[in-house]
Structure formats: C-alpha cells, structure tokens
Amino acid sequence: MRPGPLAALWWTGLRRNLAMTASVIVTITICLAMLGAGLLLRAQVHTIDRYLLGQLEVVVDLTDDITAAQRTDLEDRLHSDPAITAVRYESKQQVFDRFRRDFRGSPDVVAGVGPEDLPAALRLTLADPRASGDVVVSYTGLDGVEGVRDQRALLQPLYRFLDAFTIGAFALAAVQALASFALIYTMIRISAHGRRRETAIMRLVGASNGTIRAPFVLESAVAGVVGGLCAAGLLVAAKILLVDGQFTRQSTFPLFGWSAVWESAAAVLAVGLLASAAMASLALRRHLRV
Amino acid sequence: MIVLDAVSKWYPSGIRPALSDVSVEIAAGEFVFLVGPSGSGKSTLLRLLLREERASAGQVVVAGRDVARIPDRRVPRLRRIVGCVFQDYRLLPNRTVAANVAFALDVIGRPRHVVRSIVPETLELVGLGEKAQSYPDELSGGEQQRVAIARAFVGRPRVLLADEPTGNLDPATSLEIMDLLDAVHQAGTTVVMATHNAALVDAMRRRVLELSDGVLVRDEAGGGYDTAPVPPLATALPTAPATSPPTSPPSSAPVPASAPSSARIPVQPGPGVPGTPGVPGAPPSPWAPAPRGPVG
Ligand SMILES: Nc1ncnc2c1ncn2[C@@H]1O[C@H](COP(=O)(O)OP(=O)(O)OP(=O)(O)O)[C@@H](O)[C@H]1O
Ligand SMILES: [Mg+2]
C-alpha cells in the first residue's frame, strides 16, 4: 500500500482509539526510560572502570626494616610473575605526596600525617586488573612485605551499589515491558474490532496479508517510537538536570558523558520501534484472521 | 473460467452437507444465476470460489487455478480477479463514495495516478459521477449497491460474484442493479449471481443453476427462476420500467412463480450456453473495452 492511504488508515484508527494509544505510549515510555536508565548506569560503571583501571593498582607495602637483599629478591619475583606487567617503587616521600594529592579534598585527613608515617611501596600493574585476588594472596606475608592492598577492592561497595541499581532498572523495564505487551495486545484487539469492516473489505478485494496487518503494526510502532522519543527526552533531561546539575559537584569520579546518553537514547528508540512492532505482530496472530 | 468437479462441503458444525457432489462448468464471459431456497448452499458455493471456505471434497478451479491448492499468501491474487458484491453493500460509512471505491485499489497497491483516473471513470459507469463526494448514509440502497458494484469492478476482475445483490431493494431498483450487472457482463466479465428474485431471473433468461439442499438440481440455459416456463415479462414485473423483454422468447404458458419443486428437471451436465448477447438498453460502449489492469 502507498504511504498516503496507509497513513489515512492509521489516522482513523488513532482517532478511534486515542485513550488506549495514550496509555500504551505512557507504559512504553516508562519501560524504555527504565531501560535507558539501566544502560546509563552500566555506562557509568564502565566510565569508572576506565578511569580506575589506569589508576588503581595492587600496592605492596614494604616494612620499614626491609633489607636490600629482601627487596631485590621480592622485585625479582614480581618481575618474573606473568600476571604482573609493571613494578614501580615508591619511596616514603613519594607515597606521602600521592596521599596528599589523593586526599586534597579532605585536609583533616592529611593534617596529622607525615612522610614517615606511611610505608614505602611497590606498585604493581596487572595484566588483568580484575584478577587481583591471586596476586594479593601470593605476595602477602613474604619477608619485608607489610601487606598487599588491592585498591580496586576498596571500590566494591560502589560497584555493588551501581550494579544493584542497574539490575533494578532492568527489572523494572522488564515488568513494564510485560505491561506494555498486555496493553498492546488489548489495543490490537480493540483496534481489530474497530477496523473489522475495513479488514473484511481489504480481504475481499485482495489486499495482501501484509497490507491488512500494516495499519495495526504501524499503530503500535508509532506508539513505540513516540514512547521511545519520550524516554530519550527523559534521559537527556536526567543528564542535564541530575548528572550535570547535581552529581558532578559531588562525585570524585568522572561521570558518563553525552555520547553514553545518545547511545542509550538510540538503543531505547530502536527497542521501542522494533519491540512494539513485534508485539503487535504477535498480538495480530491472535486477533486478526487473515 | 469456473469449474466445480464433484464438490462437497461440510461445515464442521453441520449435520448435512451444505453442498454435495456439485459438478458444473461456467465458461468465461457467461452470466449465470444461482437459485434455490434459503439454506440450499448458494452462498457456500460463492464462498468456495473466493477461497473463503475450502471444499471438503472435489475440486474447485477458478481462472485456471485449483483454488484449494493456492498457497495462503497467493489467495489475495485470486480475490483480485474475483470481485464480489453482497446484499448488505458492505461500504465504509466514514468514507465518501469515491473513497470507498478508491479503497479497493489503494489496498492492493495501485499507483495514485491510476486510482485518480479509474475511480471517477468507474463511478460514471455506474451512474454515480454526481455523488462521488457523498457518504454512504446519504445514498439510497440502490445507489449504495452501485457503489459496491463500482468497488468490485474498479479492479476489472475477470469474475464478479453477486450474493443476493437485490435482496434489500424494491423491484424497480433491483432492475437497475440488474442492468448494471448485465453491463459488467457485457464488458466481458463472468458473472455469477445468487438470487431469490424470481422476476429478475425470469426477465433475463440466462443460464440458471438451481441448488436444493446442497444438490445441483437444475442447470438450464436461458431458464427461469422455476423450471417451468415463465409468464411474459409484463405480468412478472409490474413495476418494470426501461428493461426490454428477454431476447429468447419464453413460452407463453403462465405458471405461478412458486411452482412445486417436484416439477424440476434433473441436472443437465456439461457447460451451459455462453452469455446471451447484449440485452438492449444496457449501457453501451464505455464498458466494452477489454478488461484493463492486472488480471493475474
Ligand atoms: N459458517 C457456517 N457454519 C456452519 N454451517 C453453515 C455455515 N454457513 C452456512 N451453513 C449451512 O450451510 C447450508 C447452506 O448455507 P448457505 O448460506 O450457503 O445457503 P444459501 O443458499 O446462501 O441461503 P440463503 O438463500 O438464505 O442465503 C445451510 O444449512 C447453513 O445452515
Ligand atoms: Mg446466502
């Protein structure tokens, strides 16, 4: 069918079915906004990952009384370990400088600490930063080693927090997706009833099955796209008002940028279009005899 | 054009077959009446030709296609070459006359310039050029049926099925519709018309197929509604206006239209005569050109 007549069919259907369509759009918007929020949270995790992986290292604190032989021995072992790609020595003064730099936002913490209070350290860069556990275990307790710290472990609570919100957002999106399907299913049923004369005539004059289904799928797909646009709008609003407006000032980590927002918005739009069209096709099997 | 070979149809819920062992052949360009009491299977037969239903046994061939073997996605093609009209017109109330007719072309994807030229032309042919912008509820029953015929004919089908097209119309209007269907026939379309309208059948003197309880009990070329010869047109059609008498002179012996069914003669196998030549008074030339548009 040409676009003109198809649009005319869609328009009559929309006018007949306005309230139903509106509720479908609202549900789809919520569903997709949740999906988008989940995607942005994941983008945030990745942003932090990227930032931290360059910074966080496994740190081997050295005892103050370590001998030169012990240190050479330790460094040899570290150099020959395939899990470790780089070993860097930091003297007490360097450790202290870094400490002051890291906590420059909290002068109270820095106040009572001097260069002598902090141990000299070997900072390790790992081949796989996520496999830090093994490294920690194998070097803890060696001669001259005061302790082995995995800085990434310090961030576990943050990761858990972000993961929980991501899962929560996706779960809500899934629930809303079910609700959307139920509503689209109902919308198609009502629409099929409202269009039964039209479909009967279309069938009679030899319209193809695709043509007979097209107005229904279009109806649902348009609702999906409108819902997707609303959800994308919400994501942009969240970026401007919440992320840029609130969190940047409070956060010690970099936050996801606009590219993550555009990617999520595009994903949300595509899902809105395709999923609603697919749901409509599924519902049509039930409600439209072709 | 249409061949039924030992066709039977049982509906799932039916106790007896709606059609049983019907064999008939209708040539291209024929005009055939399908008569018989209510429930005798006329609509069922038409539905089989449209693949609205499938035969339970036997073979239905339309325009060279074994209807039962057409895959589902090709059924629309069959319906493009088989137009149909019904007693209840089946127009879309929210569309104008022109839009109702255009709808039939739009939904099969005909280009806009074609729709723009064929629709007004077809409305002229059915005598509704003036009413193109009216809505169905502003039209009389006869005019609505003209729109329905225009819609069925606008795609220039090779076969036109009409299921009691005059069922809701008064005798004079019925005759006008009959004229229109006859003009469609003159244009080369094969027409099958199921009807209870004895006067029309008697007046037209075309091939008559009669069903009774799903059995084809009569296949008579130039027959009347009932087996026996019919009275002259003047008595059969009190309100008959412009239509001229049938071309084949009926026997003069008047017999009541409701002759007992025992008088019916058995089925005459084989094809009947092709459509009789044009009835005088049918619209002439515009219908005459060969069917246009895709015919298969
Ligand atoms: N969809 C159906 N399901 C079950 N039985 C049906 C169905 N349609 C028709 N029948 C039965 O098939 C038989 C033939 O019906 P059909 O509609 O073909 O008759 P008809 O000759 O068109 O009658 P009428 O002149 O009243 O329109 C009837 O006994 C009817 O009850
Ligand atoms: Mg019937």
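This is a predicted model: local features need pLDDT of at least 70, side-chain atom pairs count only at pLDDT 80 or more; totals for chains, interfaces and linings use all residues.

Colleague: OK, and how far apart are the axes of H8(A) and H11(A)?

Modeller: They are 9 Å apart, with H8(A) covering residues 156-194. The crossing of H8(A) past H11(A) is right-handed.

Colleague: Which residues of H8(A) meet H11(A)?

Modeller: On the H8(A) side you have Ala177(A), Ser180(A), Phe181(A), Ile184(A), Tyr185(A), Ile188(A), Arg189(A) and Ala192(A). From H11(A), the partners include Ser276(A), Met279(A), Leu282(A), Arg286(A) and His287(A). By class, that contact splits into eleven nonpolar, three polar and two charged residues.

Colleague: What about H10(A) and H11(A), at what angle do they cross?

Modeller: Roughly 155°, and the axes come within 8 Å. H10(A) is residues 209-250 and H11(A) is residues 258-287. Anything over 145 degrees counts as roughly antiparallel, so that is the label for H10(A) and H11(A).

Colleague: Left-handed or right-handed, when H10(A) passes H11(A)?

Modeller: Right-handed. The contact of H10(A) with H11(A) has 20 nonpolar residues, along with seven polar and three charged.

Colleague: Switching to chain B, how do H3(B) and H4(B) cross?

Modeller: Those are residues 97-106 and 112-125 of chain B, and their axes cross at roughly 130°, coming within 10 Å. That angle makes H3(B) oblique to H4(B). H3(B) goes past H4(B) in a right-handed crossing.

Colleague: And which residues make the contact there?

Modeller: H3(B) brings Val97(B), Ala98(B), Val101(B), Ala102(B), Leu105(B) and Asp106(B), while H4(B) brings Val115(B), Ile118(B), Val119(B) and Leu123(B). Nine residues of this H3(B)–H4(B) contact are nonpolar, one is charged and no polar ones take part.

Colleague: What distance do you get from the side chain of Ser38(B) to an oxygen atom of ligand 1?

Modeller: 2.4 Å, from an N or O atom in the Ser38(B) side chain. For Thr44(B), a side-chain N or O atom is 2.5 Å from an oxygen atom of ligand 1.

Colleague: And what about the side chain of Ser43(B)?

Modeller: There, an N or O atom is 2.6 Å from an oxygen atom of ligand 1.

Key:
Residues are numbered from 1 along each chain as its sequence is written. Chains are lettered from A and ligands numbered from 1 in the order in which they are written. Side-chain values use heavy atoms; hydrogens and water are left out. Axes are lines fitted to C-alpha atoms, for helices over the stretch in contact, and angles run from 0 to 180 degrees between N-to-C directions. Helices (H or I, at least four residues) and strands (E, at least two) are DSSP runs, numbered from the N terminus. Angles under 35 degrees count as roughly parallel, over 145 as roughly antiparallel, 65 to 115 as roughly perpendicular and the rest as oblique. A crossing is left-handed if the near helix is turned anticlockwise from the far one by less than a right angle, and right-handed if clockwise. Contact means heavy atoms within 4.5 Å. Ala, Val, Leu, Ile, Met, Phe, Trp, Tyr, Cys and Pro count as nonpolar, Asp, Glu, Lys and Arg as charged, and the others, Gly among them, as polar. A polar contact is a pair of N or O atoms within 3.5 Å; within protein, one must be able to donate a hydrogen and the other to accept it, and residues adjacent in sequence count only if both atoms are side-chain atoms.
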